[in-house]
Amino acid sequence: MDNVYKDRDKLQEAAVRPIVHSGRRFRIVALILAIFVAVGAGAYIYQLIHGLGVTGMNNDVFWGIYIISLVDIIGMSYGGAVVSAILRLTGSAWRAPITRLAEATALVTLIIGALFAIIDLGHPTHIWRFFVSPNPASPILWDIVAILTYLLATVLFFYLPLIPDLAICRDSLGDKVGRWRKKIYTVLSLGWQGLPRQEKYLNWGIKIMSIIIIPLAVSVHSVLAWLFAVTSRPGWHSTIFAPYFVVAALFSGVAAVVLVVAGFRKAYHLENFIGEKQIRYLSYLMLVLGVMYLYFAFSELLTEGYTLDTTSVPVLASLLYGNYGPLFWFFVIGGGIIPVLIVAVPKTRTVTGLVVASALVVSGMWLKRFLIIVPALRQALFPVPTQSYSGSFIEWAILIGALAAIPLILMLVFRVFPVMSIHEMEEVEVKKSERQPELASGLEQA
Amino acid sequence: MATLAAVAGGSIAKLGFIKNDVQAKDNSVPSNEVLSQHQWAMVIDLRRCDGCGHCTEACSKEHYLTPGITWIKVYELTGSLGQKYYLPRPCMQCENAPCLRVCPVHATYKTPDGVIVVDQNICIGCRLCMGACPYAARYFNFKDPPTVPNTLPKPSPEWPVPQIRGTVGKCVFCIHDTRVGKLPACVTGCPMQAIYYGDLATDLATNGREAFKLSTLIKSNDAVRLKEELNTKPRVYYIPGHGQDLNF
């Protein structure tokens, strides 16, 4: 038991270090990210003034980078939430140091992703109409309901496990933090004192949220898929789309969590707590999802292509060997096969290798969403040529700004909240040492 | 010739909304019941269409559309035997309209006389209706429309002029004209008289020079509707005649 308590100080110190110290490197990175965010925000203001005409979209390809990013970034959110929920429900002890990072990623990416729904609107000042004359038959309305419900659940899922840590901050940080953060800790910790009764209710709440968040996340990605699948367009009108999108979201989501965990582990020197084991196990999850995703993709292509249906063949042809062939095969090999191989081969299963694999997956899956949306729109509904699409500077600036906002907001979140779940890690270790006393001393090495 | 014109003129008056003068006096909107006495439709004779594009021009001029927006678009197509032919495509005014179902804010709706219109003061510009439309008949206003003279009537969903940037617009069958007995811009603009405007309720159709019983015109010429398999029930019929299958 001594060991655990000695670790507790170290653990607390590491988890709250980013709250107490920021340092020069933090400020430089934050500044660079903030510049990108500012450029993106400026680009959006420009678009608000001049209309969607400043994008590369046209009346053939009327959806572009914004809708691609909406699907892509909300997908990332899904990974964080479901990974954390499943690992909690199955009682995997190794999850403890990464749940906070995963849940924060889920929350931040959801907010950034959902913003793209508004960025894409042609007339955002009419948005209040959603509340005046909503059409329950519209998949967009399903989206709004699903995303808002999921947002609420993600906030709770981030907040509940945080309560004991907020109490630790309240009790131990003292004058190391300013008035505002102190106030946040006092108010949000809800008078937590670690009483058995409080522990019981908290665990109960976390468990309920872990169960609820899984179907909610499934619903969000299913309705996003139905946005496309309910139309009669070749390439979109597919019964497989909802589960296909769910697996895609999980795949890219787990990859995003790997990147966030590896990034914060290195930047905040958390190597003693987040071992290679955590990153490796996450990668195994990614491997399974990657294989599942490739299976879905193959099944979709085969069933659509086999009948040589006149409406779907042109879309498939443009993907397999037409205009979009290079991008498609780059996705299959770079975003699918190579990352799966990197994880599968023990020799390449190092932290660097896994980070490379995850980066490939995250970018490959963005490309895949491009390949779902744009080639189907390029395939005209009458056999005539269509206008091509490439994103304008404004669209790219907004996308890059949004991507920069994700790490920036995460960095700011961990200026206020502990980067690891102190309470959960202690709980897991105490449980372990009670069960297998001889292993408790070896925990640090694991 | 004179008799033809007289027949055509008479039928336009029959086609038209009769309470023309009443409307002009008190500017009131006719009741739904009165409006639903007409169910507008169109028959396009592909044998006559030579692809000149005057219909598109007349429409864009009438509605002050941004260049590039073509509420009636003429496709140049090739049949299975290699024969070239032209296909003017207005909005099909589907009875079972997919665009109408997906609109999240009820900005697009069907008028009592069976025409799909967009209230651009409601439209949020999400463009899902463009994804749902199987005929590519909907157009998003990416740019500001040309300025319109201030002598024009006040804009409404039936008379969406000028278009509003950031919202979706579409062919409205010129119901602001046809309700008062005038023919749509594309019909009068067609030098080949290839476009017939008709009314399913009174079973009449005219291209401005000839008039027919609409059902006879459709049946005796084996007119077809596009993408029948989607069950959208379009109100635009095409008379083929180049051996084309019109099966896209």
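## A strand pair in chain B

Let's start with two neighbours: strand β1 (residues 40-45) of chain B runs antiparallel to strand β8 (residues 195-199) of chain B, and five bridges join them. Strands here are DSSP runs of E with at least two residues, helices are runs of H or I with at least four, and both are numbered from the N terminus. Two strands pair if DSSP finds at least two bridges between them. Within this pair, Val43(B) has Tyr196(B) of β8(B) as its bridge partner.

This is a predicted model, where local features need pLDDT of at least 70 and side-chain atom pairs count only at pLDDT 80 or more, while totals for chains, interfaces and linings use all residues. Residues are numbered from 1 along each chain as its sequence is written, and chains are lettered from A and ligands numbered from 1 in the order in which they are written.

## The sheet around it

## Chain B overall

Chain B has nine helices and eleven strands. Of its 248 residues, 47% are buried, meaning that 20 or more other C-beta atoms, placed from the backbone, lie within 10 Å of the residue's own.

## Where the chains meet

Chain A and chain B each bring 31 residues to the contact, counted where C-beta atoms, placed from the backbone, lie within 7 Å. On the chain A side, α5 (129-132) and α6 (139-159) each supply at least two residues. The largest share, three residues, comes from α6(A).

Methods: Contact = placed C-beta atoms within 7 Å. Buried ≥ 20, exposed ≤ 12 C-beta atoms within 10 Å, placed from the backbone.
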